[in-house]
Amino acid sequence: MNKKSIRNICSVFLVVPLLNVFGLHAQEKNDSVNVAFGSVAKRDVLGAVSSINVPELMKKEYVTYSLDGLQSFVGGYTGSIWGQDALILVDGVPRSAWDVLSSEVASVTVLKDASAVVLYGSKAAKGVVLITTKRGQISPLTIHVRANTGIYVPKRYPKYLNSADYMTLYNEAAVNDGQTAYYPQDLIDKTKSGSDPSHYPDINMFSSDYLRKAYNRYDMNADVSGGNSFARYYSDFGMAYNNSLLKYGEKAKDNNYRFNMRANLDMDITNWLSANTNVSVIISDAFTGNGDFWGQSSSLRPNWFGATTVANSFSPLIHISELDQNNADLLTLANNSNNLIDGKYIFGGTSSQLTNVFADMLAGGYTKSHNRTFMFDVSMKADLSFLLKGLTFKAGYSSNFTNNYTEVYGVSYSVYQPTWSADNTTITGLSKYNTDQPSTNEDMGVAAFTQTMQLTSQFNYNKTFNNDHQVSAALIGWEYQTQSSTGNLANDQATYPSSTLSTLHRTTNLNLGFQANYNYKHRYYADFSAAAVHSPMLPAKNRSAFSPTFSLGWRISDEAFFKESIPFVDDLKLTASYSVLHQDLDIGGYYLYQGNYLYGANWSYFVRDFAAGFAYSTGSSNPDLNFIQQKQYRVGFDVSLLKKLVALNANYFVNYTNGGLVNGANTIYPSYFNTGNAVSSSFLPYINFNRDKRSGLDFTLSLNKKIGEIDYSLGFAGMLFASKVLKRDEVKVPGEEYYYSVGKPLDGAKGYICEGFYTQAEVDAIDGTAAHPNPTFGGEVSAGDLKYKDMNGDGIIDSKDQVYLGKYGWSGSPFNYGINFTMKWKNFTLFALGTGQSGAIRFKNSSYYWVNGSAKYSDEVWGRWTEATQNTATYPRLTATSNSNNFQNSTFWMYKNDRFDLSRVQLTYDFNDAAFKNSFVHGLSVYLMGESLLTLSKERKLMEMNVGSAPQCRYFNIGAKATF
């Protein structure tokens, strides 16, 4: 290394800070879009590519998750890309989008079509989201500091019956089944009076006894950047903290804390050699009190364990004032408990109820969860123009390491079953179950390790001939491996971690990419890109494949005839592409091409068959198993109108996926290939067979206008999406075409056509004929049960009577859209964000709606069928049995999933620069923000309600940002 190089490196630590202090460098401007393994000028983007400038967005919108709100800016993105799960790359490396905050991000680029992702090979066949972090620029030392505080307010909680109402309606359910009433009326009356909740419990898990009205979040981050022509640097530091809604027991301490640090450095070592490195560290810790509060909130009945008499009814917490105060032994037993809560309560329970969620929260202990993530990148770039003008070489290495582990403090505790006096006013005895076992140790719990290593190398050639002909080419090698281990360390402390951690198979990607691109005067474009892919999931002879793509572009607005005839069009570019990609993403595992044998499915078979020398096949070999092929056709355009007043990007795509795996059990292989005996012996191999189609139109529209002192901008992005099953291994029976998957959407929802409630006459007429079919869901139906249509007329109602009812929209509703709106007046900026969808369906099939047996009753059961309400009922008759007939996906439970969500509104005020003249403060902004504010839908209450988990919340935030 020469002296000049040494001087350049030293400037990182000596010269750069001095230049920054005196402000001797200006910000560089970069109008380019990040694409696979590089960047291109924005006007020359040829594929279906959308890019978001995150720092510009963050001036008017505060977010932390790096992909938050992306659907409102990028047509075709709904959390997936064109209906398929995308590969997430952070600075070109497979990483989680949660590993980088929006404050660290320079841009997010969505690569949608195959021509844009092919260089990444098999793993990117379903689309790519590129998250690129910020880098230092040639500028003075600049510091940005942002601080926020906010509260989460629950939208709504599920509504359940109180204890007296529950017991009353459960008695009705028992009578409906021909049984006697389960709960005596005096127990119901005493519970309803509320005079003795310790004896007659009425548990409302959503009361203020357990929950706060809101919980808090705080975060703060600072970044430092700057540099000169020798070196540029960017660093970011952030902290975030939140507690939870629960305020009971150890769960009152529930919290999450996160610290993150990033440092990115770029250096020009010589006039032909440069290098950069990135380091990121994330430390996050969480404290969680034991007890599944939210899970129990959907299942724990208000009368707790359902006592059937007044004498054996009691609460999960027994008040010691209920004890016979003259019984010294009884008082001693209670007072000697290790868990005398507030000096007043001991834990209630029985021999079959040794724990309860309240005791768990008060005395069951806690879990501390820890996550440590380290990410490192280093790369170098050499300008090889001395060999060939326009030639460069770049190589890089990246490594990720994530360690998750838990520390568990678990405590065993005693519970007590009371015996009441004859008049049910005093506890005269206590039966103790379980033992108090206090502990001073925290044990290691679950641990998981994940490591990713990546190597890249690439030659790039870029040269313009005669000022008109731009030629570029690239040869790229990309390899990464991800390996994980997981285990429960509490099982073996002495040998941690080697004997308790399972090592999972490495996920490996290896491919060679090639790209050749030509454009003439930025008017005519042609691109050929390809990848030679490799997959260890396939047999040796089929592990390699070639994936080509072809793209064309035409800026028709540069043609003389166009300019003269359509002057209001500023710019119009037409593009088209055809691609054939080979992927192993849907193969689902290693060694599926190999046969597999075992000696038995359980120990008795193992002993018998091993001794006898018999082995059982679980699948035959298929040496011809191959990649799944994806053929894609796309046409698109970019247009700008009326002096950039309107801009529109749109893409129409058709994507065929060929060769999805099946084992051919239905029609391809004879039945004796799958014997179905006690050890599930099978000789069925995996084969390439299925064929699917996805098609759609995505668009991104923006309007920009200034009226007087007010600047407006409106963005509307969306996608029309459809899918179809083209080929499946399914048995086809004449008259049952409605049941086939072929011709239906990939996310097709099947269910029964409900014809209302049975009347008693209809029940009496059931004879197994087409006119009066017999349901086969178990048990006999009664008046008030749901009646289904016999689609094939075979006299029975079974799975073959299910029909296509609509699209679930798992990977995208038939129509998805998002909007963004900005209005700026003087120093005020108003920003709003919304998303919507229509055309998909769902079923009301959670435990909140499907209530049977002794399950907890929601308010939905008030609409139950009875003789008096048979013409107005909105819910089937109540039953104390399982009665699965009423709880099948059908038109009765179906609803439209159409909705619009006002995701975010923020008002920002930017102080005038003059206010900070001659000070070290260069800018200050304050803002108010609301998130998840409103849902517009006919099923709004359902959509805003979570069952069995923490509630959805609205978030209100106040924040400030300062520049120094």
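Modeller: Helix α5 has 14 residues and reaches 20 Å from its first C-alpha to its last, close to the 20 Å expected at 1.5 Å a residue; the expected span is 1.5 Å times one less than the number of residues. Helices here are DSSP runs of H or I, at least four residues long, numbered from the N terminus. This is a predicted model, in which local features need pLDDT of at least 70 and side-chain atom pairs count only at pLDDT 80 or more, while totals for chains, interfaces and linings use all residues. Residues are numbered from 1 along each chain as its sequence is written, and side-chain values use heavy atoms, with hydrogens and water left out.

At the N-terminal end, N162 caps α5, with a side-chain oxygen 3.3 Å from the backbone nitrogen of A164. After the helix comes G178, whose phi is positive, near 85 degrees.

The largest nonpolar core has 77 residues, of which F358 and Y857 touch the most other members. Such a core is a set of buried Ala, Val, Leu, Ile, Met, Phe, Trp, Tyr and Cys residues joined through side-chain atoms within 4.5 Å. Helix α5 (residues 163-176) gives the most to this core, with six residues.

Terms used:
Buried means under 20% relative accessible area, exposed over 50%, partly exposed in between (1.4 Å probe, protein chains only). Helices (H or I, at least four residues) and strands (E, at least two) are DSSP runs, numbered from the N terminus. A polar contact is a pair of N or O atoms within 3.5 Å; within protein, one must be able to donate a hydrogen and the other to accept it, and residues adjacent in sequence count only if both atoms are side-chain atoms.
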